[in-house]
Amino acid sequence: ISRFEAELEILLQEVIDGTTSESFYRSGARIYYLTGGVLFGKKTYKEAIVYLEKALKYVKGWKGLELAIRRMLIECYEKNMPSQGSTTDEQSATIASMILDSYFNSKMSSRNLRRALDSFSSLASDGLMKWHRECINESNSSLPFIFAVSFPGTTHVTAGDTATASVSIKSNLDYAVHINSVTLLSMAGKIEVPPMSLLSAQNANEGNNGGIIVQGKTSILFTTPIEIPKDLSKIISDDSGNGGEKEGTAGKGSFAKSARPRTAGLTSGAGARLISEDKFEKSVQDQNSQWSMRYLGGKTFRCDGIRLLFYPVHVEKAASSDRSTKMNIIELTIEKKRQRTAANIKRTPFEEDNYIASAWSRPEHLPLVRGPCCLRILGPMPQMIVTNITDSFIDGKAIEGTVNRILIKLQAGKAEICEDIKYKVNCASMLLCLDGTTKHLNQDLIENNSDANEVEGMRSPCLICHDRASLDSVATKFGYSLPKGWKLVGSGRGTAKEQVLPVPTLKTGEETYLYFDIYRPPKALSIDDNSNGVGIESKSENPTTQEQMCQTDFDITITYKQARPKTQQSGGRGRRRRKPIMSADEEQKQGSDASNEVDLVSLEYTGSVLWTCPLSTEFREVDEAQKAPPAGSRHPSNSIQEENDIETEETKEEEVREIALVDGERISTKCILFSNEIPNNIDIEISRVWFEQFEDEKCEFRLVGENASSQVLFEADDKDFCRLLGKGKKTSIILSTLAQMKDQYKGSSTSTRMGVICVDWKPKMLPIPSAAAGYLDVREHGPLPLPNHLTRKFVGPACFVESSPFGTTAVIEPPSPRVGTPFEVTFRIENKTNIYQTVSVVLRDLDDKNRDNILISGSTKSELRISPSAAQILSYTGIATKPGKVQLPTIAISSNRYKTWLVCASGLSTIYVLP
């Protein structure tokens with residue numbers, strides 16, 4: 001024996017991984033067994049126990065020898081039982097565990113087992129014989145029972161809630177046992193299995209006093225509720241994630257620095273711990289949030305042990321028949337330990353249960369459908385569902401110039417009760433430029449900006465609310481006034497005042513509603529850049545705010561007290577069992593446990609709206625063919641293009657940016673109103689369109705026609721279908737205006753606008769859903785139709801008005817000639833300047849198609865010299881040869897001094913000839 005122990009010590013020092021040959025251990029077990037047998041033969045039982053216990057340590061895997069050693073040990077224990085009081089409680093528990101371990105693994109008959117248990121009754125404390133076993137694999141067949149605790153149907157649970165655990169217990173004993181109670185040893189402490197859960201076990205018979213009878217070599221399965229602690233710090237944590245070993249104590253192994261976590265494909269959200277225990281800053285203020293930082297997927301919770309109170313059934317029968325037989329109850333505790341990490345392995349500091357092989361490990365008889373063997377415990381989280389009702393109607397858009405109401409629905413989750421609901425709204429706006437840049441309209445940018453025009457041009461949106469007491473418009477520091485009857489909420493932006501919903505409590509699945517209002521004023525004057533005659537920037541707008549869109553982001557913070565109702569545990573068996581009798585105190589305790597526990601939770605909902613214009617315009621000239629001759633206008637569009645001149649794109653673009661008019665000229669323009677930017681479900685109702693002067697000191701446009709006195713172009717009633725404009729729809733209005741230079745500026749020119757078109761409008765009402773009517777004091781949402789009509793102003797097309805140097809009129813006599821009858825076309829050219837003017841006249845021949853339809857007599861090319869304030873008459877005679885529409889030859893009259901056209905493709909291009 002001495003030589004074996006010396007060789008074993010040397011061998012253990014040389015071996016790196018701490019393992020030796022199995023045959024070497026067996027040789028040692030044989031030596032110890034022979035020694036113990038010799039001492040047993042000499043009846044020195046106390047010394048024999050020492051060597052037989054050592055033999056049992058090294059006999060692993062040799063079943064025959066192990067059985068012989070255990071039977072010899074039992075006889076030694078019977079001959080050398082410690083006397084009462086000679087051992088401490090700890091020593092008695094150790095001896096009892098060793099004896100019971102030998103008894104239940106020695107294939108003893110029920111009679112011998114009953115006799116042995118009666119002999120060792122002196123080791124029982126309070127009538128319990130404590131038996132403690134530790135294991136690495138809970139499926140080890142040497143254990144009296146194989147157990148597994150899993151959690152079907154879920155991988156995460158909230159702190160303070162009740163989880164359902166599935167408990168599987170398989171007996172390795174050859175005889176039936178009566179299980180009085182089951183206790184789960186979890187990371188949150190001891191968890192007693194309720195008697196009703198134990199009685200619902202499958203493959204078990206009902207026993208005495210709420211216990212069950214489990215037959216030998218039988219598996220039972222039952223579910224039980226587990227109360228998860230609200231305080232996550234009460235759940236112990238695995239500091240290293242590998243068998244409870246601290247960093248640097250795993251043999252020669254160590255934690256790898258900057259190692260990549262190998263978690264079988266799971267991400268950090270599945271529970272990977274990103275910081276170690278020593279780097280974790282503990283805080284008593286919010287421990288649950290601290291744990292969430294440490295374990296991103298939730299803190300681990302599992303059951304690593306089980307405690308059974310049982311006794312063999314045949315002992316109970318013998319005790320009932322023979323009163324002298326004492327029935328001892330065995331308290332069996334089985335604890336699972338993590339296997340030590342090999343000394344030469346570098347590992348990452350992650351939880352062991354983050355690996356699938358660990359989190360889903362189970363005995364072979366337990367299927368995967370029973371769920372994982374560990375849970376992730378999360379802090380209380382809000383389950384409330386927040387829905388933006390208005391967004392489905394407005395497509396994420398808000399309309400400028402009116403109040404926009406956002407309606408929000410709050411619905412309690414499936415497993416919560418919401419109390420004392422509070423909310424606050426935070427808004428932030430930004431300008432989105434076409435070049436991709438953004439400009440945030442924060443408080444400092446507006447308050448510290450000294451340029452009032454730029455602040456006004458930003459038109460920063462704000463939070464407002466209805467003020468029934470206010471009858472006037474309220475001016476804001478943002479450069480505009482609010483609609484009548486409205487006021488700012490708080491500062492108008494940033495965090496609004498926190499409000500409490502009038503609904504006291506929302507039960508599971510119930511809903512309530514809230515709303516808030518936002519506003520952005522319209523542009524002072526809107527300019528359409530997509531039509532001819534448009535393009536000059538308005539003086540009322542800052543150029544830096546052109547070509548920008550505005551977006552408002554809103555955050556709603558909802559805070560409420562959350563109560564999660566307790567779930568009732570249902571039995572897993574088909575037949576109903578008798579409910580155990582409970583005392584009044586136990587019933588009161590059970591009722592108090594079923595009450596709801598309240599947590600304060602909060603959530604944030606984020607949304608945004610993009611501000612759009614309700615209306616847009618496009619202006620077009622009407623009857624351009626009948627437009628008066630240019631009369632020598634010096635606008636670039638009327639200049640004569642020489643052969644060597646190069647017409648650039650800038651020149652062409654510049655020519656169409658303005659309509660060239662002569663002082664006193666009348667022009668008809670079509671104004672097209674459309675609403676392409678509004679949401680699909682919103683209609684714009686136009687009530688009136690009217691005309692007003694554009695502020696210009698040199699020129700004015702006077703409306704002519706039957707509506708000239710009222711200046712009203714359109715006034716709708718309820719029967720006018722054209723008053724409603726939906727997305728993509730258009731309506732047109734014709735206006736005739738007369739351009740007049742003011743007296744003091746006669747003879748000069750100016751670039752101006754053809755007046756201002758004013759449109760009174762309002763959005764069509766969008767009613768709130770019927771389900772929300774009982775919760776709110778309002779009846780509409782989205783863009784609101786305010787009591788007073790909203791006015792949108794559009795600047796007319798850009799015009800160049802000039803007192804021309806010439807006056808030109810054209811007359812045909814008779815107006816409708818007959819076939820074969822001569823008619824005369826006369827042009828009167830007046831020189832309005834005080835200098836001599838020379839003009840060139842060219843009568844261009846007709847093309848081959850129209851040449852035979854008319855005969856022309858007159859000069860085809862000449863020059864005229866006109867005195868100051870004098871006039872010249874030009875004419876030619878024609879005879880039509882066919883009735884109908886006849887093309888006239890084109891006459892081109894130009895000024896040699898200004899290089900401009902007096903007449904070019906004049907309006908007298910065609911005539912209608914009578915038969």
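Predicted model: local features only at pLDDT ≥ 70, side-chain atom pairs only at ≥ 80, totals over all residues.
Helix H3 covers residues 45-58, and at 1.5 Å a residue its 14 residues should span 20 Å, which agrees with the 20 Å between its end C-alpha atoms. Helix H4, residues 63-79, can be checked in the same manner: its 17 residues should span 24 Å, and the end C-alpha atoms are 25 Å apart, which again agrees.

Which residues of H3 are buried? They are Tyr45, Ala48, Ile49, Leu52, Ala55, Leu56 and Tyr58.

Tyrosine 45 takes us on to the aromatic residues. The structure holds 11 aromatic pairs, and in one of them the rings of phenylalanine 40 and tyrosine 45 have their centres 5.5 Å apart and their planes at 65°, so this pair is edge-to-face. Tyrosine 45 has a relative accessibility of 16% and therefore counts as buried, given that the cut-off for that label is under 20%. Tyr58, which is among the buried residues of H3, belongs to an aromatic cluster together with Phe4, Tyr32 and Tyr51.

Now to the charged side chains, where the structure holds 20 salt bridges. In the first, its side chain meets that of glutamate 802 in a salt bridge, at 2.6 Å from N to O. Glutamate 802 lies in strand E39, residues 798-802, whereas arginine 634 lies in the loop between strand E26 (616-621) and helix H15 (649-656), so the pair ties together parts that are 168 residues apart in sequence. In the second contact, the charged end of arginine 634 sits over the ring of tyrosine 898, 5.0 Å from its centre. A further contact of this kind involves lysine 730, whose charged end sits over the ring of phenylalanine 674 at 5.9 Å from the ring centre.

A second salt bridge joins aspartate 760 and arginine 688, with the closest N and O atoms 3.2 Å apart. This pair, too, links distant parts of the chain, with aspartate 760 in strand E35 (residues 756-763) and arginine 688 in strand E29 (residues 684-692), 72 residues apart. Aspartate 760 is buried, with a relative accessible area of 7%, and arginine 688 is partly exposed, at 28%.

How does the salt bridge between arginine 851 and aspartate 845 look, and what is the distance from N to O? The side chains meet at 3.7 Å; here arginine 851 is partly exposed, with a relative accessible area of 38%, and aspartate 845 is exposed, with 63%. Finally for the charges, Asp161, Lys230, Arg564 and Asp599 are linked in a network of salt bridges.

Methionine 129 is found in strand E1, residues 128-135, and is buried, with a relative accessible area of 1%. Its C-alpha atom is separated by 4.6 Å from that of isoleucine 330, although these residues are 201 residues apart along the chain.

I will end at the surface. Ile356, Trp360 and Leu368 form a nonpolar patch there, with about 280 Å² of accessible area together. Of these, tryptophan 360 lies in the loop between helix H10 (356-359) and strand E12 (374-378), and it is partly exposed, with a relative accessible area of 33%.

How values were computed: Residues numbered from 1 in each chain as written. Heavy atoms only, no water. Patch = residues over 30% accessible without salt bridge, like charges linked within 9 Å, V, L, I, M, F, W, Y side chains within 5 Å. Areas by Shrake-Rupley, 256 points an atom, 1.4 Å probe, with all protein chains shown as cover. Salt bridge = Lys/Arg side-chain N within 4 Å of Asp/Glu carboxyl O. Helix = DSSP H or I, 4+ residues; strand = E, 2+ residues; numbered from the N terminus. Buried < 20%, exposed > 50% of the residue type's maximum accessible area, 1.4 Å probe, protein only. Phe/Tyr/Trp six-rings, centres within 6.5 Å; stacked < 30°, edge-to-face > 60°. Lys NZ or Arg CZ within 6 Å of the ring centre and 35° of its normal. Expected span 1.5 Å × (residues − 1).
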